[in-house]
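Here is a briefing on one protein chain. Please read it alongside the sequence and the 3D view.

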Amino acid sequence: MRPLAPPLAALAALVALSTLTACGGDSATDRASGPGGGAKGEKGTITVRIPDPGNAGVLALGKKDGSLGRALAAVGAEVAWTGSAGPFAPAAQAMNADQLDIATGSITSGVTSLSQSPGFAFFTATDPDPVGEGILVRSGSDITSVRDLVGRKVAVNKGGTGEYLLLKALAKAGVPADRVERVYLRPDQTAAVFNAGQVDAWAVWSTYAVAELGTGKARFVADGTAIGSDNYSLNAVRSGFAKDHPEVVRALYAYLHENSAKEKKDPAAYLNVFTDAGPTAVNGKAKEIQIGFTAKGGTVDPIGPEDIERFETVARFYADQKVTPNKVDIASHLLDVEKLS
């Protein structure tokens with residue numbers, strides 16, 4: 001575990017932005033909720049709204065076996081699965097609009113979201129993925145190094161992990177960013193474009209890379225380690241929720257920390273949680289690759305001083321690369337989760 005961060009600045013004010021379409025089940029702990037998350041129900045239970053985790057990961061298993069519900073019940077809370085997990089930018093907007101309380105994203109997408117009057121703060125950090133993110137090319141491509149991307153088209157998600165990975169890779173290789181054409185696409189729409197040869201490469205992370213690598217028709221020309229990525233994964237909490245219910249945030253952190261360590265030791269147990277068939281399942285070579293990535297990944301930890309330094313590096317890099325108009329103030333949007341009160 002990292003050393004704890006020193007006390008940080010107060011949370012940002014809540015700003016209403018856009019809306020998030022909610023969907024969910026019928027049970028008390030598996031329902032969608034509207035505005036007002038954190039309000040106590042008839043029996044005084046606090047509702048915490050979290051994107052549905054899908055078919056894999058710590059939250060998915062916690063949803064299935066009830067362990068997350070029990071951990072939250074111990075502090076008088078319950079979870080409402082609201083919408084579905086996806087890119088951080090819309091989740092940040094939903095927190096700003098008081099339609100979501102917890103979300104997961106990268107520091108890279110976090111920086112761009114923090115540049116837009118945020119109503120959330122980050123309370124955990126997971127080390128950058130050394131092997132599951134990078135610059136993906138098709139197996140038959142003549143691109144064998146980052147320098148070979150000059151004059152090529154690379155798919156990235158604007159302001160997020162993809163754009164960061166590409167710019168970081170180019171900077172490390174000494175290639176001016178304007179020598180490579182960035183093609184801005186949503187990650188969930190990129191696979192078809194990549195496989196059709198409409199772009200030459202795809203700057204991507206494990207959520208989408210595993211499926212491509214599993215086919216044997218794609219490979220990384222540079223992974224997170226080669227790029228020198230500082231792309232942490234973070235958990236964010238709506239500012240108003242953290243202020244009103246710090247005990248719930250602490251309980252959620254403790255659950256994520258403990259179970260992310262278990263996932264790292266036994267990745268297979270956290271895959272195909274609800275089904276081993278269909279589009280959300282991971283099987284064959286892709287499953288082997290995902291297990292390997294998770295085993296080499298990090299755990300959910302408090303945000304420590306050394307993490308903050310690397311966050312600041314990302315913020316400066318984004319400002320230097322004109323991804324953000326100015327350097328974003330990261331420190332004032334971070335929480336010491338173990339000192340929340």
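The accessible surface of the chain comes to about 14500 Å², by the Shrake-Rupley method with a 1.4 Å probe, where for residues only the protein chains shown count as cover. Carbon and sulfur atoms hold 52% of that surface. This is a predicted model: local features need pLDDT of at least 70, side-chain atom pairs count only at pLDDT 80 or more, and totals for chains, interfaces and linings use all residues. Residues are numbered from 1 along each chain as its sequence is written, and side-chain values use heavy atoms, leaving out hydrogens and water.

**Confidence and overall build**
- The chain averages a pLDDT (the predictor's confidence in each residue, from 0 to 100) of 89, and 87% of the residues score at least 70.
- Over residues 1-35 the pLDDT is below 50, yet this stretch has 104 contacts beyond near neighbours in sequence. A contact means heavy atoms within 4.5 Å.
- Where pLDDT is low, the predicted coordinates should not be read in detail.
- The chain has 12 helices and 10 strands. These are DSSP runs (helices H or I, at least four residues; strands E, at least two), numbered from the N terminus.
- Of the 341 residues, 51% count as buried. Buried means under 20% relative accessible area, exposed over 50%, and partly exposed in between (1.4 Å probe, protein chains only).
- Among contacts between residues at least 6 apart in sequence, 80% join residues at least 24 apart.

**Nonpolar cores**
- The largest nonpolar core has 48 residues. Such a core is a set of buried Ala, Val, Leu, Ile, Met, Phe, Trp, Tyr and Cys residues joined through side-chain atoms within 4.5 Å.
- Helix H5 (residues 161-173) gives the largest share of this core, seven residues.
- A second, separate core of 27 residues includes Ala242, Val248, Val337 and Leu340.
- Phe122 is among the residues with the most contacts inside the largest core. Its partners beyond four places in sequence include Phe88, Leu114, Leu234, Ile303 and Leu335.

**Helix H3**
- H3 (residues 88-96) buries Phe88, Ala91, Ala92, Ala94, Met95 and Asn96.
- Their cover includes strand E3 (102-106), helix H4 (107-114), strand E4 (120-126) and strand E10 (233-238).
- Asp98 follows H3, with a positive phi near 60 degrees.

**Salt bridges**
- The count is 12 salt bridges, each a side-chain nitrogen of Lys or Arg within 4 Å of a carboxyl oxygen of Asp or Glu.
- Arg49 and Asp98 pair at 2.8 Å, N to O. Arg49 lies in strand E1 and Asp98 in the loop between H3 and E3, so the pair ties together parts 49 residues apart in sequence.
- Arg49 is buried at 0% relative accessible area; Asp98 is buried at 19%.
- Lys327 and Glu312 form a salt bridge, with the closest N and O atoms 2.4 Å apart. Lys327 is partly exposed at 39%, while Glu312 is buried at 16%.
- Salt bridges that share partners join Arg49, Asp98, Asp101 and Arg238 into one network.

**Asn272**
- Asn272 sits in the loop between H10 and helix H11 (284-295). Asn272 counts as buried, at 13% relative accessibility.
- A polar atom of its side chain lies 2.8 Å from the backbone nitrogen of Val282.
- A polar contact of 3.5 Å joins the side chains of Asn272 and Asn283. A polar contact is a pair of N or O atoms within 3.5 Å; within protein, one must be able to donate a hydrogen and the other to accept it, and residues adjacent in sequence count only if both atoms are side-chain atoms.
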